[in-house]
Every structure is written in C-alpha cells, then in structure tokens.
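Here is a short briefing on one protein chain. Look at the model first, then work through the points below.

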Amino acid sequence: MPNIPTIPLASWIDKLVDGLTQFEGFFNVITNIIGGIVDAFQWVFDLVPPWLFIILLVFGTFWVNRKGKKWGLIIFEVVGLLLIWNLDFWRDMTQTLTLVLTSSLIALVIGVPLGIWMAKSGIVESIFKPVLDFMQTMPAFVYLIPAVAFFGIGMVPGVVASVIFAMPPTVRMTNLGIRQVSTELVESADSFGSTPWQKLWKVQLPMAKSTMMAGINQSIMLALSMVVIASMIGAMGLGTRVYFAVGRNDAGGGFVAGIAIVIVAIILDRLTQAFNKKAKSE
C-alpha cells in the first residue's frame, strides 16, 4: 500500500496554543477575575467557624425542605460534616467547595445566556451542539494541558478546566427548557403585547426553571468530579489528599479522603435537587 502522509494535527494544535499564549495580558485579566472570585469564596469559608457553618447549612436545608422535612438529609449533613471536621479535612473541604462553587457560578453565568441564545436561534443551536458534544466527551485530563499553558499552576486553571467540562449540561438544559415551554403560553404572551424580553423573563424562564435547575445540578456534580483531576495542576482541596495518597500507595488515606468527597457530593446533590423541587412547586 502507498505511504499516506500523516496529518500533522498535533503540530497544528501546538502552534495554535503557542499563538494564543502570546495574549498574555488577556489571560492575566481572566486569571485575576477568577482568582478574585476564588479568594472571595475562600475568605468567607475561612471566616465562618466549622460549627457555625454546620448550623447554617442545617438551617438552610430545613428552610428549603420546610414542607417535606428531610430529617434524614439533615442528620446526614451533621454526621458527615462532623466526621470531616474530626478527620482534619475541613480546610480541604472548603477549598473543594471553593473550586466547585466558582466553577459552577462561571458555568451558570456563561451557560444560561448561551442556552437562551440557542433556544432563540436554530442556526446557533446547530453550531454549538457539536461544540458541546466535544466539550462533554473529551477526556477531562486533556483540558489540563491548555489550562496550564494559559493560566499556570493553581486553583485558576483548575477552575477553567472544570468550567469547560461542567458547562454543557447547563447550556443544554436551558435550551431544552425554553424550547419545551408551551406554544399556547408564548402565543398568549404575544397576544397581550409582551416584548421579547418580557416574554423571556415572565413566561419562558419561569416555566423552564425546573429543567434549568436539573442542568445546574449536573454541572455542579461534574465540577466536583474534576476535584481529583484538578489537583494534578495545583488545585487544592480533597482531591490533593487523594492524589498524594495514590502517589504514596496510601490506601487508607485515599479511602478516607474519598469518603469526604462522597459526603460533599451527596450534600450538594440533595440540596440542588431540593431547590429543583421547590422550583417545581412554585
């Protein structure tokens, strides 16, 4: 068979990354913005003592579930967080929450408007759908390489990689939720002379709230799943404990840190589901 020349795809990507790194000022601005959000979240977590954090979380859970009275979740939160505190993982847990909340916030700020845009334009949807497929199916480890090249080592590249990996569900579910709004409701809004913005804010977004919350829940879980991976590029938190345990072949240390991550994941998942149920009932 004739020798077919190999397409130098890897070389092209390397040149693209090298070219983008020339915009150092732009990436420094993004680093400062994300770093500021990370520092703000961490400052709040450091300011609140563990016992007060647990009390506030229990009160918030009770308030969100005041109709259902999820006592099982409240007991789990108290026992789980006390265990994390007892194992001296509290600071690591707050760093993990900082990474997850920052990533989820940025994914929400970018993802919801993009989902609305996709719902309003079929052309935009056809363009971004394969991009979202690419973002969701690309192995998460791959995102660490350009993140380090553009943003260095630390929490910021971990946040950037988490945002890219976690944002697609928010975009997809926002698009889906708005498209599923009854055409009769939209036509009624039009018949009353609603402007496009009024129709969006008072009809479509409220009706799509439940679907959008499901997407936000998925994004938060995906961001949390990046915790261990982001620790490879200097993102602090419970993932660092797991990463170090793997390097030292410390089965006990890695398992205990994994339990702490599971506790955080269950709490975040149940709380976001509770908000989703609250959105459905309103």
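A residue counts as buried when its relative accessible area is under 20%, as exposed when that area is over 50%, and as partly exposed in between. Asp-46 has 46% relative accessibility, so Asp-46 counts as partly exposed. Keep in mind that this is a predicted model.

**Overall build**

- The chain has 13 helices and zero strands.
- Read from the N terminus, the elements run α-α-α-α-α-α-α-α-α-α-α-α-α.
- The C-alpha trace spans about 70 × 65 × 45 Å along its principal axes.
- The chain has 282 residues, and 45% of them are buried.
- Take the contacts between residues at least 6 apart in sequence: 78% of these join residues at least 24 apart.

**Surface and charge**

- The accessible surface of the chain is about 15700 Å². Carbon and sulfur atoms account for 70% of this surface.
- There are 19 positive and 16 negative side chains. The centres of the two sets are 10 Å apart.

**Nonpolar cores**

- The largest nonpolar core has 46 residues. Phe-53, Leu-81, Ile-84, Met-93 and Val-264 have the most contacts inside this core.
- Helix α13, residues 251–281, gives the largest share of the core, with nine residues.
- Which residues does Phe-53 touch, not counting residues up to four places away in sequence? They are Phe-45, Val-48, Leu-81, Trp-90, Met-93 and Leu-97.

**An exposed residue**

- Ile-145 sits in helix α7, which covers residues 140–151.
- Is Ile-145 buried or exposed? Its relative accessibility is 62%, so Ile-145 counts as exposed.
- Ile-145 is 37 residues from Leu-108 in sequence. In space, the two are 24 Å apart, C-alpha to C-alpha.

**Salt bridges between helices**

- How many salt bridges does the structure hold? The structure holds six.
- One of them joins Asp-46 and Arg-91, with the closest N and O atoms 2.4 Å apart.
- Asp-46 belongs to helix α2 (residues 24–47) and Arg-91 to helix α5 (residues 90–120), so this pair ties together parts 45 residues apart in sequence.
- Arg-91 has a relative accessible area of 43%, so Arg-91 is partly exposed.
- Asp-92 forms a salt bridge with Arg-241, and the closest N and O atoms are 2.9 Å apart.
- Asp-92 is in helix α5 and Arg-241 in helix α12 (residues 238–248), so the pair ties together parts 149 residues apart in sequence.
- The partners in this bridge can be sorted by accessibility. Asp-92 counts as buried because its relative accessibility is 12%. Arg-241, at 33%, counts as partly exposed.

**A salt bridge within one helix**

- Glu-125 forms a salt bridge with Lys-129, and the closest N and O atoms are 3.9 Å apart.
- Why are Glu-125 and Lys-129 separated by about one helical turn? Because they are four residues apart in helix α6 (residues 122–137).
- Glu-125 has 15% relative accessibility, so Glu-125 counts as buried. Lys-129 has a relative accessible area of 41%, so Lys-129 is partly exposed.

Conventions
Residues are numbered from 1 along each chain as its sequence is written. This is a predicted model: local features need pLDDT of at least 70, side-chain atom pairs count only at pLDDT 80 or more; totals for chains, interfaces and linings use all residues. Side-chain values use heavy atoms; hydrogens and water are left out. A nonpolar core is a set of buried Ala, Val, Leu, Ile, Met, Phe, Trp, Tyr and Cys residues joined through side-chain atoms within 4.5 Å. Buried means under 20% relative accessible area, exposed over 50%, partly exposed in between (1.4 Å probe, protein chains only). Helices (H or I, at least four residues) and strands (E, at least two) are DSSP runs, numbered from the N terminus. Contact means heavy atoms within 4.5 Å. Accessible areas come from the Shrake-Rupley method with a 1.4 Å probe; for residues, only the protein chains shown count as cover. Lys and Arg count as positive and Asp and Glu as negative; His and the chain ends are not counted. The place of a charge is taken as NZ of Lys, CZ of Arg, CG of Asp or CD of Glu. A salt bridge is a side-chain nitrogen of Lys or Arg within 4 Å of a carboxyl oxygen of Asp or Glu.
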